[in-house]
Structures are given as C-alpha cells and as structure tokens.
Amino acid sequence: MNVVSEQISKLGVVPVVVLNDAKDAKPLADALCEGGLPCAEVTFRTEAAEESIRLMTQAHPEMFVGAGTVLTVEQVDRAVKAGAKFIVSPGFDPEIVDYCLEKDIPVYPGCITPSEVAQAVKRGLEVIKFFPAEQFGGVSTIKALAAPYVNVKFMPTGGINAKNLESYLSNEKIVACGGSWMVKGELVEAGKFDEIKAMTEEAVKLVADIRSK
C-alpha cells in the first residue's frame, strides 16, 4: 500500500467532511487533529471545498487531507494544487483513475460490482472505496467481492456510524471506514468544535477497542 493508505489504515476511520464555508476549515482541522484523527476527506460538493483543503493543509501540514466526490480531472488538479494528498471518487471513472495513476496521486475509486473491482485490479490498485456501503449490502458484499480478488482491500463509506463500525473493522479486508458521524454538518455550522473533538476522541477509542479484540 502507498503511504497514504498505510496511514489511513492505522487510523481506521476517515472523517468525511462537507464544508459550506471555508472559515470552518481550520477550527475543524484543529478539532480532528486534537481528537486524534489527523485525516479528512473533504467532499468537492461545495464551492468552499478547494479553499477548505488549502486552509486545512496550511494549518496542519502533517494532516492527511484528501478530496472526495471528485467527478472530473479538472477537480483532481484543483484539489491537488490546494494540498490534497489523495483523491476519492464515488464511482469507478477510468479517466480519473488513469489520470491520478499517471500523476502518481493516490486514488480511491468507488467500486460495488465485480466488474468495477476487476478494473481496479487491472490498474494495480490495492485499496478501493466501497460506496454506498450500507445500501449495497455492507460487510457481506465486501466479503463476497474479496473472495475472488484476494489482494484487494476496501474502504467502505456510506451509512457507517459508531453503532455498526465494529462489524466493518472486524473484517481483515477493510483497512478503514469513511464516516461523518463525528463531523456532522449541523455541528460544524454551529461552531461546536469542542463537541466534534470529543466525538473524534470517542471514534479513536472505539477503533482501538475494536482492534484490540
């Protein structure tokens, strides 16, 4: 696995962040880092995403900040220029994946079918996103996909929370889970960064507890 995958694997959880205002980027990054999760997938669904990535990486150069919901190669360029260390796409887009591989940018495309996993394997990807996880069968589907594709590991996102995290992280084919329960939009917009920090600490403890079993 690449360096980013290794670090994400160590953390076990990737906070999936939606920021509508870039002013919230630094305090959110502070809360995540202080809470023990120096990582974030900032979704490119909002106008504030690019600037938010820039502010987060400037404030915390050690933080693994990536861009999520990337739909075009132009967004890849913007995200990387802003400081994104990895790219996540909701589906398997060959153009985006090939572009990232050519540029040596870690990329995690969304795959939910054997055909999509096969395309990822063909390109040498070792870790792929599984999205939307809960809606497409969760752990049982991941187990089924992992059976023929023995060298692939998964980063499921979608519908994962503190209650079902253990069912995912207990599977050796899952390196980490994407989740937004500790960085809910209403908490960010209300400026409740202390609460986000506390929930992040709880998530870190939960991962440690799960992995110690």
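**Close-up views of a predicted model**

**View 1**
The largest cavity has a volume of about 30 Å³. This is a predicted model, in which local features need pLDDT of at least 70 and side-chain atom pairs count only at pLDDT 80 or more, while totals for chains, interfaces and linings use all residues. Residues are numbered from 1 along each chain as its sequence is written, and side-chain values use heavy atoms, with hydrogens and water left out. On a 1 Å grid over the protein atoms alone, a cavity is a set of points where a 1.4 Å probe fits but cannot get out; a lining residue has an atom within 4 Å of a point. Grid points are joined across faces, edges and corners, and the volume is the space filled by probe spheres set on the points. The count comes to one cavity of 30 Å³ or more. Its lining is made by Val18, Leu19, Asn20, Asp21, Asp24, Gly185, Val188 and Glu189. These divide into three nonpolar, two polar and three charged residues. Here Ala, Val, Leu, Ile, Met, Phe, Trp, Tyr, Cys and Pro count as nonpolar, Asp, Glu, Lys and Arg as charged, and the others, Gly among them, as polar.

**View 1. The largest pocket.**
A pocket is an open set of grid points with protein on both sides within 12 Å along at least five of seven lines. The volume of the largest pocket is about 280 Å³. Of the 22 residues that line the largest pocket, Val16, Arg45, Thr157, Gly158 and Ser180 lie nearest its centre. At least two lining residues come from each of strands S1 (13-17), S2 (39-43) and S8 (177-179). Strands (E, at least two residues) and helices (H or I, at least four) are DSSP runs, numbered from the N terminus. The lining of the largest pocket has eight nonpolar, ten polar and four charged residues.

**View 2. The second largest pocket.**
The second largest pocket holds about 210 Å³ of space. Its lining has 13 residues, and Asn2, Leu101, Pro106, Val107 and Leu125 lie nearest the centre. By class, eight of the lining residues are nonpolar, three are polar and two are charged.

Two strands pair if DSSP finds at least two bridges between them. S1 and S2 run parallel and are joined by two bridges. S2 and strand S3 (residues 64-68) also pair in the parallel sense, over five bridges. The bridge partner of Cys39 in S3 is Phe64.

**View 3. Two β-α-β units.**
One right-handed β-α-β unit is made by S1, helix H2 (residues 25-34) and S2. Another is made by S2, helix H3 (residues 49-59) and S3. A crossover is right-handed if, with the strands pointing away from the viewer, the path from the first strand over the helix to the second runs clockwise.

**View 4. Glu41 in strand S2.**
Glu41 lies in strand S2, where it stands opposite Val16. Glu41 counts as buried because its relative accessibility is 3%.

Thr69 is in the loop between S3 and H4. Thr69 has a positive phi of about 50 degrees although it is not a glycine, and with 17% relative accessibility it counts as buried. Gln75 belongs to helix H4 (residues 73-82) and is also buried, with a relative accessible area of 13%. Beyond its neighbours within four places in sequence, Gln75 is in contact with Phe44, Thr69 and Val70.

Most residues other than glycine have a negative phi, and most peptide bonds are trans. Asp104, which is not a glycine, has a positive phi of about 60 degrees. Asp104 lies in the loop between helix H5 (94-102) and strand S5 (107-109) and is exposed (over 50%), with a relative accessible area of 70%. The peptide bond from Phe131 to Pro132 is cis, with omega near -10 degrees. Pro132 is found in the loop between strand S6 (127-130) and helix H7 (138-146).

Definitions and conventions. Buried < 20%, exposed > 50% of the residue type's maximum accessible area, 1.4 Å probe, protein only. Contact = heavy atoms within 4.5 Å.
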